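Subject: A structure to look at, with notes

Hello,

I am passing a structure on to you, and I would be glad if you opened it beside this message and followed the notes below with the residues in view.

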Amino acid sequence: MNEQPTYFSRNRPISLEHHWLPFTPNRDFRADPRLIARAEGMYYYTPDDRPVLDMSGALWCSHLGHGRKEIGQAIAEQFPVLDYAPSFGFGHTISFELADRLSAILPDGLGHILFTNSGSESCDTAIKVAYAYHHARGQSGRKKIIGRQKGYHGVGFGGLSAGGITANRTAFGSWLPADHLRHTHLPEKNAFTRGLPEHGVELAEELAELIAFHDASTVAAVVVEPVIGAGGVYLPPKGYLKRLREICDQAGVLLILDEVITGFGRLGSPFASQEFDVTPDILTMAKGLTAATVPMGAVAVADSVHDEIMARGPEGGVELLHGYTYSAHPLACAASIACLDVYERENLLTRASGPVGDALGDALFSLRDLPEVVDIRHYGFIGAVEFRPGEKPGKRGQAIFKACWKEGLMVRALGDIIAVSPPLVIEQDQVGEFAEKFRRAVETTLA
Ligand SMILES: Cc1ncc(COP(=O)(O)O)c(C=O)c1O
């Protein structure tokens with residue numbers, strides 16, 4: 001390759017050809033890259049040291065902002081003590097410490113934790129645990145998964161099958177037998193609702209119909225995000241999740257709540273399950289688990305599900321044939337425990353329900369007068385501004401996203417919806433900075 005590199009990493013010239021970026025229009029990116037060189041607190045910095053306010057918590061995951069010294073120190077201290085140890089047939093102490101700490105903040109009854117390395121692995125693991133549970137009970141015919149339109153559960157074939165974003169599946173197919181509930185976006189009734197929408201609880205009844213249609217004896221689990229994130233930030237209608245829980249119970253179907261985004265304080269409680277008072281049988285986590293400092297995911301399993309699988313395991317044999325080389329990596333465990341310490345010390349897991357969360361809602365709703373805004377949604381530290389699609393769906397969203405970057409603002413474009421999910425440490429003045437920059441970006445784009 002003969003082209004002249006014009007970018008540098010640690011003073012070395014780099015080309016932009018060889019790293020194939022995920023979920024990115026790569027050709028467009030190479031022509032006009034958005035490069036990040038470093039980060040500190042609530043800001044990213046470009047190679048020419050331009051600050052960019054992180055209003056998306058990177059990918060809904062940097063709950064502590066960037067460069068928290070306590071976390072770096074905990075990782076550095078763990079390395080010489082134990083860099084890595086296998087967890088197949090062995091155990092290392094720090095993973096048990098982390099599991100103890102997590103079970104103290106998880107909803108009651110979810111006392112058994114499997115570790116993974118990502119949200120996708122957590123979703124696939126959750127589905128496999130559901131299968132193992134039914135298998136242990138002599139109901140191996142229960143293999144169907146019911147997801148929801150617009151749902152996102154990562155990119156493994158399990159999560160992809162449960163997921164409801166059509167474009168993500170088109171090239172790859174849906175490999176597990178799956179069906180999908182209707183999404184709950186009812187703009188004609190719920191547009192510009194602050195908090196949970198009033199209308200739409202009746203959509204949960206569709207679950208009973210789907211289970212009856214497939215026959216309950218073939219259905220393993222329902223997989224939903226409490227709040228749909230990547231699919232467009234859709235809050236559950238009041239009462240909707242509770243009704244799903246009841247229908248699952250009646251049909252012997254497990255409820256998997258994917259809390260990869262909603263876990264660790266995004267909504268004002270440690271988990272959405274607590275915020276909305278609905279306890280799943282299996283709960284998936286990632287992102288805030290380590291505040292994205294080291295890759296890690298986890299799956300919390302109800303005692304009843306765990307006990308059933310244990311009880312039916314072969315005498316002296318492995319009860320669940322599943323796991324990853326890096327499950328419960330000690331450096332990730334150290335990072336996660338350090339995050340839990342900071343969350344606790346600074347009361348961050350409930351901060352979204354306080355004044356700064358309200359300020360974010362005020363800021364988002366102050367944008368209602370901008371051109372082409374058709375809906376605004378907000379809860380705690382998550383929100384979205386939805387624009388009327390322009391000549392081609394998603395084009396307007398991309399243009400606004402790029403203009404935000406130029407203004408020094410990182411947001412997430414989901415089609416023509418701009419989503420925000422800032423670090424839990426965001427302050428009031430940064431909320432104001434967001435609203436100002438966002439307004440300018442939209443006005444320049446739609447002028
Ligand atoms: C709800 C949900 N589940 C699963 C995932 C997949 O996580 P990962 O990208 O870490 O594999 C995501 C990622 O955004 C997510 O939002």
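Which of the 15 residues around the ligand come nearest? Please keep in mind that this is a predicted model. The residues that come nearest are Ser 118, Gly 119, Ser 120, Gly 154 and Val 260. Helix H5, which spans residues 119–136, gives the largest share of the shell around the ligand, namely three residues. Sorted by class, the shell holds seven nonpolar, six polar and two charged residues.

The other notes concern the packing of helix H16. The axes of H14 (residues 355–365) and H16 (residues 428–445) come within 9 Å and cross at roughly 15 degrees, and because angles under 35 degrees count as roughly parallel, these two helices are roughly parallel to each other. Their crossing is right-handed. On the H14 side the contact is made by Val 356, Ala 359, Leu 360 and Ala 363, while H16 brings in Gln 428, Val 431, Gly 432, Phe 434 and Ala 435. Seven residues of this contact are nonpolar, two are polar and none is charged.

Helix H15 (residues 395–407) also packs with H16, at an angle of about 130 degrees and with the axes 8 Å apart, which makes H15 oblique to H16. This crossing, too, is right-handed. Among the residues that make the contact are Ala 399, Ile 400 and Glu 407 of H15, and Lys 437, Phe 438 and Arg 440 of H16. By class, the contact of H15 with H16 has seven nonpolar, two polar and three charged residues.

Best wishes

Methods: Residues numbered from 1 in each chain as written. Predicted model: local features only at pLDDT ≥ 70, side-chain atom pairs only at ≥ 80, totals over all residues. Axes fitted to C-alpha atoms, helices over the stretch in contact; angles between N-to-C directions. Helix = DSSP H or I, 4+ residues; strand = E, 2+ residues; numbered from the N terminus. Parallel < 35°, antiparallel > 145°, perpendicular 65-115°, else oblique. Left-handed = near helix turned anticlockwise from the far one by under 90°. Contact = placed C-beta atoms within 7 Å. Nonpolar A, V, L, I, M, F, W, Y, C, P; charged D, E, K, R; others polar. Near = placed C-beta within 6 Å.
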